[in-house]
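Welcome! Let us take a friendly walk through this structure, stopping at a few places along the way.

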Amino acid sequence: SNEILFDTNKATIKSSSATILEELGNVLKENPKISISITGHTDSDGKDNDNQKLSEQRAQSVKNYLASNFAIEKSRMTTNGKGETEPIAENSSEEGKKQNRRVEFKIIK
């Protein structure tokens with residue numbers, strides 16, 4: 001989802017992301033047998049290593065948000081970060097970078 005926004009170079013979730021996180025939190029509450037993976041991605045600005053860490057921190061922030069606000073068991077959510085290694089758009093434009101800064105969710109069980 002490109003709807004989960006963070007402060008620049010931080011893992012702080014912006015309040016404008018509340019709607020999509022509420023939808024996801026409610027789906028997880030209504031389906032207690034579902035487990036998900038949460039994967040963070042960044043654009044290519046900055047150092048590779050810093051982007052890797054940032055993508056991991058952002059995925060962890062989403063996990064913590066869902067656990068805190070919707071009482072989703074942390075054991076139902078795994079996190080990882082891909083940094084800038086899996087872009088879905090060119091990093092040469094602001095629009096492309098915006099698409100690459102994302103969090104992906106996959107049902108794993």
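**A walk that starts at a tyrosine**

Tyr-65 has a relative accessibility of 24%, so Tyr-65 counts as partly exposed; here buried means under 20% relative accessible area, exposed means over 50%, and partly exposed lies in between, using a 1.4 Å probe and protein chains only. Before going further, please keep in mind that this is a predicted model, in which local features need pLDDT of at least 70 and side-chain atom pairs count only at pLDDT 80 or more, while totals for chains, interfaces and linings use all residues. Residues are numbered from 1 along each chain as its sequence is written, and side-chain values use heavy atoms, with hydrogens and water left out.

Which residue forms a ring pair with Tyr-65? Searching the whole structure turns up one aromatic pair. Its members are Tyr-65 and Phe-70, with ring centres 6.5 Å apart and planes at 50 degrees, so the pair is tilted. For such pairs, rings of Phe, Tyr and Trp (its six-membered ring) must have centres within 6.5 Å; planes under 30 degrees apart count as stacked, over 60 as edge-to-face and the rest as tilted. Phe-70 counts as buried because its relative accessibility is 11%.

Helices (H or I, at least four residues) and strands (E, at least two) are DSSP runs, numbered from the N terminus. Two packed helices are described by the angle between their axes and the distance between the axes. Here, α1 covers residues 18-30 and α2 covers residues 48-70; their axes come within 10 Å and cross at roughly 65 degrees. Axes are lines fitted to C-alpha atoms, for helices over the stretch in contact, and angles run from 0 to 180 degrees between N-to-C directions. The two helices are therefore roughly perpendicular to each other, a term for angles of 65 to 115 degrees, with under 35 counting as roughly parallel, over 145 as roughly antiparallel and the rest as oblique.

Staying in α2, we find Ser-61. Is Ser-61 buried or exposed? Its relative accessible area is 18%, so Ser-61 is buried. Leaving aside neighbours within four places in sequence, Ser-61 is in contact with Phe-6, Ala-11 and Ile-13.

Next comes Ala-71, in the loop between α2 and β2 (77-81). Most residues other than glycine have a negative phi. The phi of Ala-71, however, is near 55 degrees, a positive value. Ala-71 is exposed, with a relative accessible area of 66%.

Further along, Lys-82 sits in the loop between β2 and α3 (94-100) and is partly exposed at 29% relative accessible area. Beyond its neighbours within four places in sequence, Lys-82 is in contact with Thr-39, Gly-40, His-41, Gln-52 and Ser-55. Lys-82 and Gly-40 are 42 residues apart along the chain, and their C-alpha atoms are separated by 6.2 Å.

Our last stop is Leu-5, in the segment before α1. Leu-5 counts as partly exposed, at 34% relative accessibility. Its C-alpha atom is separated by 9.1 Å from that of Val-103, 98 residues apart along the chain.

Definitions and conventions
Contact means heavy atoms within 4.5 Å.
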